[in-house]
Amino acid sequence: MHLYLKWADEVVHHPRLLDAVEDLIGPDILVYHLTLWMKEPQTDAFISWHQDSTYFGLSPAEHVTAWVALSPSSTASGCVQVLPGSQLRGQVPHGQKKDGANMFATGQSLEVPADAPIELLLLAPGEFSLHHTYLFHNSMPNRSDDRRIGLGISYIPTRCSCSSKVRLTASLARGTDRHGHFDIDPRPLADYDPDALAVHAKAIQRWNAARAELIPQAHSRAA
């Protein structure tokens, strides 16, 4: 969305976000990926326990996810839940449990005990959380009477590279790219600008091709 919508582009470049991310990964920052997460009210949609790193193919593992709340993210609306300290385990194998309500089409999942000491990331609109790519996290169904909407922004330092054979694109959010691991996407000049939509289409085409390679590899290593 940040490739063709000005408001989304402005969010990913917001100084408060980038200042916090810079504290973690340094001043040269790329936007690797962005996802709009929306759960309709009173629905069963959920996100299974997982690590963001599983299908991203990034090295080193210095990817940080910013979860930006666009509506209240509460216990009732199915906020993100995390297992503190789980990022210290590194990458772990994921299973695939298909469920029609799971917002992950692949069904990627981790087993987390029901009595695990989870914490809730409760956010008001305009607030954000940051988590490491290895952190175990999930979110439960939205039982509130309003949509739960948030942006998941994947930030990486420019020194990161992707293992896929397909060369991906990324957006330079701050600093300088001295490594050249990705083709840099331009910022949109206007909403739904034809050139911006063409950039987005090519970026998604590469993204889908890379995912088709990285997803089977991840589960092959887990077997």
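Ser 129 sits in strand β9, where strands (E, at least two residues) and helices (H or I, at least four residues) are DSSP runs, numbered from the N terminus. The model is a predicted one, in which local features need pLDDT of at least 70, side-chain atom pairs count only at pLDDT 80 or more, and totals for chains, interfaces and linings use all residues. Residues are numbered from 1 along each chain as its sequence is written, and side-chain values use heavy atoms, with hydrogens and water left out. Is Ser 129 buried or exposed? Ser 129 counts as buried because its relative accessibility is 11%; buried means under 20% relative accessible area, exposed means over 50%, and partly exposed is in between (1.4 Å probe, protein chains only). Leaving aside residues up to four places away in sequence, Ser 129 touches Thr 65, Ala 66, Trp 67, Leu 121 and Leu 123, a contact being heavy atoms within 4.5 Å.

Now for the sheet around that strand. Six strands make up an open sheet with mixed pairing, in the order β9-β4-β11-β1-β13-β14; two strands pair if DSSP finds at least two bridges between them. At the edges are β9 (128-132) and β14 (183-184), each of which pairs on one side only. Further in, β1 (residues 29-39) and β13 (residues 169-174) pair in the antiparallel sense over three bridges, and Val 31 has Ser 171 in β13 as its bridge partner.

Helix α2 (residues 15-25) lies across β1, β4 (64-69), β9, β11 (148-157) and β13, and runs at about 45° to β11. For that angle, axes are lines fitted to C-alpha atoms, for helices over the stretch in contact, and angles run from 0 to 180 degrees between N-to-C directions. Which residues of α2 are buried? They are Leu 17, Leu 18, Val 21 and Ile 25. Seen down the axis of α2, these buried residues fall within an arc of 85°, so they line one face of the helix; the arc is that of the directions from the helix axis to the C-beta atoms. An α-helix has 3.6 residues a turn, so residues three or four places apart point the same way. The cover over the buried residues of α2 includes α1 (6-12), β1, β4, β9, β11 and β13. On the face turned away from the buried side, α2 carries the exposed residues Arg 16 and Asp 23. After α2 comes Gly 26, with a positive phi near 100°.

A few loops have backbone features to look at. Gln 42, in the loop between β1 and β2 (47-50), is not a glycine, yet has a positive phi of about 55°. Gln 42 counts as partly exposed, because its relative accessibility is 45%. Tyr 192 is not a glycine either, and has a positive phi of about 55°; Tyr 192 lies in the loop between β14 and α3 (194-222). With 51% relative accessibility, Tyr 192 counts as exposed. The peptide bond from Ser 59 to Pro 60 is cis, with omega near -5°, and Pro 60 is found in the loop between β3 (58-59) and β4.
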